[in-house]
Amino acid sequence: MAAHEVVALRAFSDNYIWTIRDRSHAVVVDPGEAQPVIDYLEREKLTLAAILNTHHHADHVGGNAALLARCPVPVFGPHDERIPEVSIRLADGQHFRLPHFDIEMETLEIPAHTRSHIAFVGGGMLFCGDTLFAAGCGRLFEGTPRQMHDSLTRLARLPDDTLVYCGHEYTLSNLKFARAAEPDNDQLPLLEARMQALRDAGKPTLPSTIAQEKATNPFVRVGAPGVIRSASARAGKTLGDPVSVLAEIRNWKNEF
Ligand SMILES: [Zn+2]
């Protein structure tokens with residue numbers, strides 16, 4: 001089988017452990033817990049080839065140690081000692097070949113949710129952890145609105161058809177907020193109906209695409225008149241630059 005596929009393994013209440021697999025091997029992204037991965041590998045008779053980590057939060061790396069105890073594979077991740085299991089630390093622009101798979105990956109440093117957050121892009125796929133979500137973005141735990149704006153802007157420059165694999169199933173609640181933040185965006189109700197149907201069928205709403213995020217994500221669309229209008233209304237003054245708009249709607253979303 002030349003082709004690979006990407007499978008969503010569920011972890012905790014709303015995390016996804018994205019699993020790139022073919023007939024014999026698998027690479028997992030952000031295994032917050034080991035058991036769903038172990039169960040899947042055993043059921044499908046797959047050998048683990050590598051682990052990828054986007055950032056240090058426990059719900060993304062908590063399964064590293066238990067997986068490594070069973071299969072000593074390379075762990076690709078950021079320069080951050082808070083993930084001790086990482087064996088290959090990557091900086092912005094570094095390329096690597098995904099072990100076993102014929103896929104070249106590039107590392108993008110996208111700080112804001114955490115200061116050392118990275119994304120992996122390659123083979124038409126983007127694994128962006130908790131920075132870019134479908135119709136949303138991560139909380140600013142260790143970064144600034146400017147950093148989030150810069151990081152999202154970089155991701156939005158990827159090809160439109162890039163498949164966006166986010167770390168959590170947050171799409172429906174994000175879309176509710178997106179409708180408040182950009183009430184005149186008529187694509188939002190259509191997308192919400194499609195995503196609701198997927199959830200009703202027990203399926204993930206992911207992956208998204210870069211095109212979809214550019215059309216529907218208020219944190220990407222901080223230059224859109226409708227988003228500027230509602231952010232300004234909430235701030236009680238005209239917000240003239242995209243970073244201020246992002247800061248305002250990020251705070252608004254925290255309370256939404
Ligand atoms: Zn996180």
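Visitor: Is Asp80 buried or exposed, and at what relative accessibility?

Guide: Buried means under 20% relative accessible area, exposed over 50%, partly exposed in between (1.4 Å probe, protein chains only). At 4% relative accessibility, Asp80 is therefore classed as buried. This is a predicted model: local features need pLDDT of at least 70, side-chain atom pairs count only at pLDDT 80 or more, and totals for chains, interfaces and linings use all residues. Residues are numbered from 1 along each chain as its sequence is written, and side-chain values use heavy atoms, with hydrogens and water left out.

Visitor: Where is Asp80 found, and what does Asp80 touch?

Guide: Helices (H or I, at least four residues) and strands (E, at least two) are DSSP runs, numbered from the N terminus. Asp80 sits in the loop between strand 5 (75-78) and strand 6 (88-90). Contact means heavy atoms within 4.5 Å. Leaving out residues up to four places away in sequence, Asp80 touches His56, Arg89, Arg115 and Ser116.

Visitor: Which protein donors does the zinc ion have?

Guide: Donors are N, O and S atoms within 2.8 Å of the metal (3.2 Å for Na, K and Ca); water is not among the atoms, so sites may look incomplete. Here they are His55 (NE2), His57 (ND1), His113 (NE2) and Asp130 (OD), 2.2 to 2.3 Å from the zinc ion. His57 lies in the loop between strand 4 (47-52) and helix 2 (58-61), and His113 in the loop between strand 8 and strand 9 (118-122), so the pair ties together parts that are 56 residues apart in sequence. Both His57 and His113 are buried.

Visitor: How are the donor residues spaced in sequence?

Guide: The pattern is H-x1-H-x55-H-x16-D.

Visitor: Now helix 4. Which of its residues are buried?

Guide: Start with the general idea. An α-helix has 3.6 residues a turn, so residues three or four places apart point the same way. In helix 4, the buried residues are Met148, His149, Ser151, Leu152, Leu155 and Ala156. Seen down the axis, they fall within an arc of 170 degrees (taken from the directions from the helix axis to the C-beta atoms), so they line one face of helix 4. Their packing partners include strand 8 (104-109), helix 7 (210-216) and helix 9 (242-255).

Visitor: And helix 1: which residues are buried there?

Guide: In helix 1 (residues 35-44), Pro36, Val37, Ile38, Tyr40 and Leu41 are buried. Their cover includes strand 1 (5-11), strand 2 (15-21) and helix 3 (64-70). Lys45 follows helix 1, with a positive phi near 55 degrees.
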